[in-house]
Structure formats: C-alpha cells, structure tokens
Amino acid sequence: MEQTITKQQLEFAALIAQNSKTDGIHATAIERLFLIRCSQPTAPLHALHEPTLCIVAQGKKQVMLGENLYVYGQDRCLVVSIDLPVVGQVIEATPTVPYLCLRLDLDPGELGTLMMEAKLDTTVNQQPEPGLSLSPVTPQLLDAAIRLLRLLETPEDIAILAPLVVKEILYRLLSGEQSGRLRQIALADKRLQGIGKAINWLKWNYEKPFRIEAIAREACMSPSSLHHHFKSVTAMSPLQYQKQLRLQQARRLMLGEGMDAATASHHVGYESPSQFSREYSRLFGAPPLRDIARLKSSQET
C-alpha cells in the first residue's frame, strides 16, 4: 500500500503543478474545484474557512482553530463542515518543491442526496462533531482526486464525468472517518442547523451589540445549549466568534480601503478604540498601525 500511495502522490503533485503555474489560488473548469500553489512558507493568515475538503500533494500547512492546532501534509486531509474563523499558515514549501493542494468546496445538499441514493445510515451522534478535523488520505480517495484532475486535460469530458467523480469523493468521505460530521451537516441535524443559523446571523450582524439571548432565539435553542454546542463545533464561544469576525473585517477595511483604525473599529461595532486596539493586538500580534504597515510592506516585496 505504501508504494501505491507514493506513486499516486507523484502523479497527484504533477497534475496540480501543471495546472497551477504560479503561486496563489487557482479556479478550474470544474465547479467548486481550486488548486493552491505556494513556493515558500507564509505568514499566518486569518480567514473565514467555508465547508471544504483539502488534500495536500506536497508541503505542509497548519491551521489554528481557537486553541487547537492542526498540522497536515500528504498523509492527512482537512475537512471543514461549517464556516469557521481560522488562522492558516503554509509551513513547508520551497521554489523547487512548492506547497501544492487540491481544494474542493462542499455542498451540504449534494451530501444529503448522496446519502439517500447510497442508503447510508442516517443516524447522527448525540454530541455534535467538531467543525474541522483531519483524517488519513486513503488510496481510494486519492485515486478519485487524481481522476478528477485528469479531466482538466480533456475539458469536453468535464460536464459529464466531473459530477460522477465528485460524487465518488463525497462517498469516500461519507464512508470513512469523516462520516459523522458530514452526515450531521447533510441531514441538517437540528443542533448543527441551529449553530449554522447562529453563525449566519453573526456573519451578517457582527457589528451589532452581542446579545446571546437574541442569537439563541435565531438558532431556536436555549442560550446554555447554544453556548455548549457552538463551542463543541467551532472551538470557541459565540462571543469569541463575533470578535474574530469583527477584527478580521476591520483588518480588511484598513488594508484594502485605507481606513484608519478608529474609523474601522467603529465600522465593525467597537465603541472603545482602546478595547479594539487591545483585542486586535491579541489576535494579530501587533497594534493596528504596526500590523497594517507590516502587511503593506510584505505586499511590496
């Protein structure tokens, strides 16, 4: 099995490399399929990670969710089943052996349909599963990923064959270690559905004052139940989740739109500039002015 995986990994890496000639995230002709290339380690990047599957062909990456650190390379794939604010960082990459990764965005509706077609077990665990996890990359999963990439060489086959291969990839995930968390989201488990509603509310109302009772009503859960299950899935409390959304948005406004720190902090809902500066420094490692200056300097080099 070890020799098979090694041979597969070589082809997997070659296919990603030939379809992503430069560093960055590359969209492909296959819906929801992206290829990622990076020729050197990166600084930590704060982002809102949407439901997705990531399989690495070369190099390594680490993702921090709350206090939990996940490191993965060729041997393990990353599955995110719900929107999560994370800190991602490529930690192993060189110009000659760049970091190469396949990203397939997940569609909960497609997962649910597949479960019904395959007559898979529709029961879910009593306790919601964490929204981010790692699991081994099996030869069967890697084989399906390779066949999906090969279709980029024959565009005329994509419309018919790509959906079939994507379905196989999802089936492999539903049949493996990721089955619990994927079945939760596919079946719209009431608790996970409630957490999803709470996350959606926070995404669109992050600048509003935090009221756990209002968010719990939106999620159709009690405040204590929401807090408990929200933390089990996201590794943070609803308030911590809102703070990360606020601070990430403020950083984008200062870096992308040239807002000063006071204006950006007010725009995302902070009433106290000093509190904003303290929490910004805690998350990003430096006060707003110094952090934005560093980011701009790194973009120019």
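Which residue takes a positive phi just after helix 11? In this predicted model, Gly 285 does so, with a phi of about 85°. Local features were taken at pLDDT of at least 70 and side-chain atom pairs only at pLDDT 80 or more, whereas totals for chains, interfaces and linings use all residues. Residues are numbered from 1 along each chain as its sequence is written, and side-chain values use heavy atoms, with hydrogens and water left out.

Helix 11 spans residues 273–284; helices (H or I, at least four residues) and strands (E, at least two) are DSSP runs numbered from the N terminus. Its 12 residues reach 16 Å from the first C-alpha to the last, close to the 16 Å expected at 1.5 Å a residue, the expected span being 1.5 Å times one less than the number of residues. Phe 276, Glu 279, Tyr 280 and Phe 284 of helix 11 are buried (under 20% relative accessible area, with exposed over 50% and partly exposed in between; 1.4 Å probe, protein chains only). The buried residues fall within an arc of 115° seen down the axis of helix 11, so they line one face of the helix; the arc is that of the directions from the helix axis to the C-beta atoms.

Helix 11 also contributes at least two residues to the lining of the second largest pocket, as do strand 8 (84–92) and helix 9 (238–256). A pocket is an open set of points on a 1 Å grid over the protein atoms alone, where a 1.4 Å probe fits, with protein on both sides within 12 Å along at least five of seven lines; lining residues have an atom within 4 Å of a point. The volume of the second largest pocket is about 470 Å³, a volume being the space filled by probe spheres set on the points. Of its 16 lining residues, Glu 67, Gln 240, Gln 244, Arg 282 and Leu 283 lie nearest the centre. Helix 9 gives the most to this lining, with four residues.

The largest pocket has a volume of about 1100 Å³. Among the 40 residues that line the largest pocket, Ile 25, Leu 45, Ala 47, Lys 61 and Gly 88 are the closest to its centre. Strand 3 (residues 45–49) gives the most to this lining, with five residues.

Strand 2 (residues 33–38) has six of its six residues buried, so it is largely enclosed by the rest of the structure. Leu 33, Leu 35 and Arg 37 cover one side of this strand, and Phe 34, Ile 36 and Cys 38 the other. Strand 2 pairs in the antiparallel sense with strand 1 (residues 24–27) over four bridges and with strand 9 (residues 99–105) over six bridges; pairing requires at least two bridges found by DSSP. Gly 24 stands opposite Arg 37, while Cys 101 in strand 9 is the bridge partner of Ile 36.

Strands 1 and 2 form a hairpin with five residues between them. Arg 32, in the turn, has a positive phi of about 70° although it is not a glycine, and is partly exposed at 24% relative accessibility. Ala 235, likewise not a glycine, has a positive phi of about 65°. Ala 235 lies in the loop between helix 8 (223–234) and helix 9 and is partly exposed at 23% relative accessibility.
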